[in-house]
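Welcome, and please have a look at the model below.

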Amino acid sequence: MPSHEHSSSHHGRHEGGRTVFPDLLPLDRALPQILEQIPVLEDEEKPIVDALGQVLAEDVVSTENVPPQANSAMDGFAVRSADTPGSLRVIADQAAGHVTDKAVEPGTAIRIMTGAVMPAGADAVVPVEDTDGGRGGTVNIGVQTPPMANVREAGEDVRAGGCVLPKGTALSAGMIGVLASIGRGRVRVYRRPVVAFMASGDELVGVDEPLGPGKIRNSNSYTLLCQIQQAGGIPRDLGVARDTLEDIRAHIAEGLKADLFITSAGVSVGDFDYVKQVLEEHGELRLWRIAIRPGKPVAFGVFDGTPVISLPGNPVSSMVCFEIFVRPAIAKMMGQPDFRHPMLDVRVLDEVDNRGGRRSFLRAIVSRQDGEYVARLTGPQGSGILTSMARANALLDIPAEMARVDAGSVVRAMLLSPVAG
Ligand code: AMP
Ligand code: MG
């Protein structure tokens with residue numbers, strides 16, 4: 001019912017000029033609400049070599065057979081199957097890329113190389129190993145060779161007229177090879193989004209700058225710009241906004257020019273957390289505060305037409321929330337609305353404390369041990385322990401209801417990188 005739909009949405013209420021969000025929103029409601037408001041970008045036509053990882057915006061139908069003509073799968077002799085075994089006169093040589101005008105007549109053979117077109121009259125290839133080599137004009141074949149043996153048929157890989165790759169396919173190296181094999185040098189794919197990233201905070205200094213009193217290094221710009229790139233976006237670094245309304249306004253104005261704008265820090269409830277406030281000068285915040293750990297203060301809205309996802313400042317939280325919210329958003333923009341990380345059931349070897357009533361994403365190392373997938377926590381799970389993200393290959397997804405997970409229990413793991421073993 002529409003009225004019910006409405007009351008279950010997380011639009012804030014306006015109270016005394018501020019938007020009030022009554023409670024923490026569960027992730028399985030928050031994420032669909034965010035993704036619903038993320039557009040799929042326009043498509044573009046581009047050379048296939050530049051399209052790796054992009055998603056087809058068209059069904060690709062082949063106009064050619066692959067291979068175009070029947071050809072030999074081996075170096076050997078093109079023969080009439082009915083003539084084997086036997087002693088045959090060698091009447092010509094057929095190399096790959098060349099076509100003889102001779103035909104195989106009864107009692108004759110044509111020496112043929114791998115990939116060379118089958119000559120007229122021949123219906124099988126005898127590999128050179130099964131012959132005496134045929135030097136001196138005659139080849140002796142000791143084995144019976146069935147029809148079509150060692151022959152690659154025309155169109156056996158791809159048939160002309162068939163759809164080889166449907167719209168919505170994310171292009172892999174193998175698929176780009178298939179496009180090349182059917183003579184498609186250009187394809188239509190959804191374009192990659194330009195994704196701007198802004199760090200914020202007076203405490204931040206750059207990697208090459210001296211650490212003054214009270215300062216820490218900005219790592220979020222590095223982690224997040226790399227994650228944007230990994231997700232297929234075109235990263236745009238907006239640097240660091242200082243904790244003043246003026247500087248945050250200038251950075252946000254720039255960020256809203258991108259296809260998607262990601263910010264970190266300044267969205268909690270601290271005195272200088274101006275990011276949310278400045279965003280609200282450009283439109284309505286659609287959603288704020290989600291029942292996950294880490295990542296409670298994540299905020300989302302569409303401002304001046306640009307979707308903005310504001311991530312928490314803590315280095316682990318921003319990375320984890322990128323995977324949860326931003327990665328699927330970038331995937332949708334690129335034409336894959338149903339992106340999901342690979343998930344795996346794993347046996348946790350450590351006891352996990354999950355008091356606090358929120359769904360938690362814990363940094364873990366998943367490996368294969370004695371025929372099953374097991375997970376160990378990376379160590380302390382504080383949202384400032386960035387080395388935990390450097391070591392983790394997975395996030396354990398612990399449901400809110402599970403206040404405690406006993407060692408030996410099976411939980412879901414979201415894989416971030418390949419599993420060893
Ligand atoms: P905030 O969301 O502003 O309260 O920040 C939360 C924590 O994250 C604070 O300890 C900040 O110092 C830290 N932090 C914020 N931005 C960054 C950044 N770009 N790199 C590393 N740490 C950060
Ligand atoms: Mg701050």
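**Around the ligand**

A backbone N or O atom of G313 lies 3.2 Å from an oxygen atom of ligand 1, a polar contact in the sense of a pair of N or O atoms within 3.5 Å. This is a predicted model, in which local features need pLDDT of at least 70, side-chain atom pairs count only at pLDDT 80 or more, and totals for chains, interfaces and linings use all residues. Residues are numbered from 1 along each chain as its sequence is written, chains are lettered from A and ligands numbered from 1 in the order written, and side-chain values use heavy atoms, with hydrogens and water left out.

**Ligand 1: contacts and cover**

- N314 also places a backbone N or O atom 3.1 Å from an oxygen atom of ligand 1.
- The backbone of N220 has a polar atom 3.3 Å from a nitrogen atom of the ligand.
- On its own, ligand 1 has 490 Å² of accessible area, of which the protein covers 77% (Shrake-Rupley method, 1.4 Å probe).

**Ligand 1: the shell**

- There are 16 residues around ligand 1, and E203, N218, S219, G313 and N314 come nearest (a residue is near if one of its heavy atoms lies within 4 Å).
- By class, five are nonpolar, eight polar and three charged, with Gly counted as polar.

**A five-strand sheet**

- The open, mixed sheet runs in the order β9-β6-β8-β7-β10 (strands are DSSP E runs of at least two residues, and two of them pair if DSSP finds at least two bridges between them).
- β9 (124–127) and β10 (138–141) are its edge strands.
- β7 (residues 86–94) and β10 run antiparallel, joined by four bridges; G86 has I141 as its bridge partner in β10.

Notes: Polar contact = N/O pair within 3.5 Å; in protein donor to acceptor, adjacent residues only side chain to side chain.
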